[in-house]
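Q: Hey, I've just opened this one and would like a quick walk through it. Can you take me around?

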Amino acid sequence: MAIVKCYECEREVSDSAASCPHCGAPFAKSQPQVIPKRRGLSTGAIIAIVLTSVFIGGGVILFSVLFIFASYDRSCQTTTIENVMRMGMGVEQYKMDYQHAPFARDIHELQDIFEETEINLNQSMVKDGWGNDLIYEHSGVGIYTVMSYGSDNAVGPVVTPNLTGDLIVRHFDEDIIWSMGRFVQRPEGAQTSGRW
């Protein structure tokens, strides 16, 4: 004689009983009692859940990293625009006082000239937002340029003019240029990075 579980109340009952003494459920003597097994998730389902979680988690991490890089570049570009403009405005102030652009070989020499002539600019303005030196160029006839080569610190790429003739920068690695009192090549709208 064996002990089985009642199919109705799931209490232990003798397999020779005609009915459950606890709930009264009838037992057929000719049919064996089958107790259903409780099953968990299959191995395939577990693998699918894990892979889905890894895929979604990886996507979130990748998006976060790309967002952080874009935010960093956007912040660096904003600092660069401010520094290029302030150095350019310093040259304009010098031109008003001396009727010509300063004769300087590089941005550091230009900063020294500004200090000597009491054009007060912060020393950190000689760098762009990515930490690279700004570029100062001038010709003997008073034409000057203050620029940053962008995130890659390399010349170019060439920017094509828009319908109004302005040169609009669309990538963080494109040059930002101030000449003769205004930006001649500047960022506008959404920017992308050459890193991704």
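What follows is a chat about the chain's layout, its cysteines, its charges and its surface.

Q: Before we start, what kind of model is this and how are the residues numbered?
A: It's a predicted model, where local features need pLDDT of at least 70, side-chain atom pairs count only at pLDDT 80 or more, and totals for chains, interfaces and linings use all residues. Residues are numbered from 1 along each chain as its sequence is written, and side-chain values use heavy atoms, with hydrogens and water left out.

Q: How much of the chain counts as buried?
A: 33% of the 196 residues. Buried means under 20% relative accessible area, exposed means over 50%, and partly exposed is in between (1.4 Å probe, protein chains only).

Q: Switching to cysteines, how many disulfides are there?
A: The count is 0, where a disulfide would be a pair of cysteine sulfur atoms within 2.5 Å.

Q: What about C23?
A: The closest cysteine sulfur to that of C23 is in C6, 3.6 Å away, so that's too far for a bond as well. C23 is partly exposed, at 37% relative accessibility.

Q: On to charges. How many salt bridges turn up?
A: A search of the whole structure gives 3. A salt bridge here is a side-chain nitrogen of Lys or Arg within 4 Å of a carboxyl oxygen of Asp or Glu. Side chains of opposite charge can pair when their charged atoms come close.

Q: Which residue does K95 pair with?
A: E92, with the closest N and O atoms 3.9 Å apart. E92 is partly exposed, at 23%.

Q: And the other bridges?
A: R105 pairs with E109 at 2.9 Å between the closest N and O atoms, and R105 is exposed at 73% relative accessibility. K127 and D133 meet at 2.8 Å, N to O. K127 is partly exposed at 34%, and D133 is partly exposed at 30%.

Q: Which residues form the nonpolar patch on the surface?
A: L41, I46, I49, V50 and V54, with about 470 Å² of accessible area together. Patch members have over 30% relative accessible area and no salt bridge; like charges are joined within 9 Å, and nonpolar side chains (Val, Leu, Ile, Met, Phe, Trp, Tyr) within 5 Å. I49 sits in helix α1 and is partly exposed, at 46%.

Q: Which residues make the negative patch?
A: D106, D112, E115 and E116. E115 belongs to helix α2 and is partly exposed, at 42%.

Q: Last one: how far apart are the C-alpha atoms of I81 and R186?
A: They're separated by 8.0 Å, with the two residues 105 apart along the chain. I81 lies in helix α1 and is partly exposed, at 25%.

Note on methods:
Accessible areas come from the Shrake-Rupley method with a 1.4 Å probe; for residues, only the protein chains shown count as cover. Helices (H or I, at least four residues) and strands (E, at least two) are DSSP runs, numbered from the N terminus. Lys and Arg count as positive and Asp and Glu as negative; His and the chain ends are not counted. The place of a charge is taken as NZ of Lys, CZ of Arg, CG of Asp or CD of Glu.
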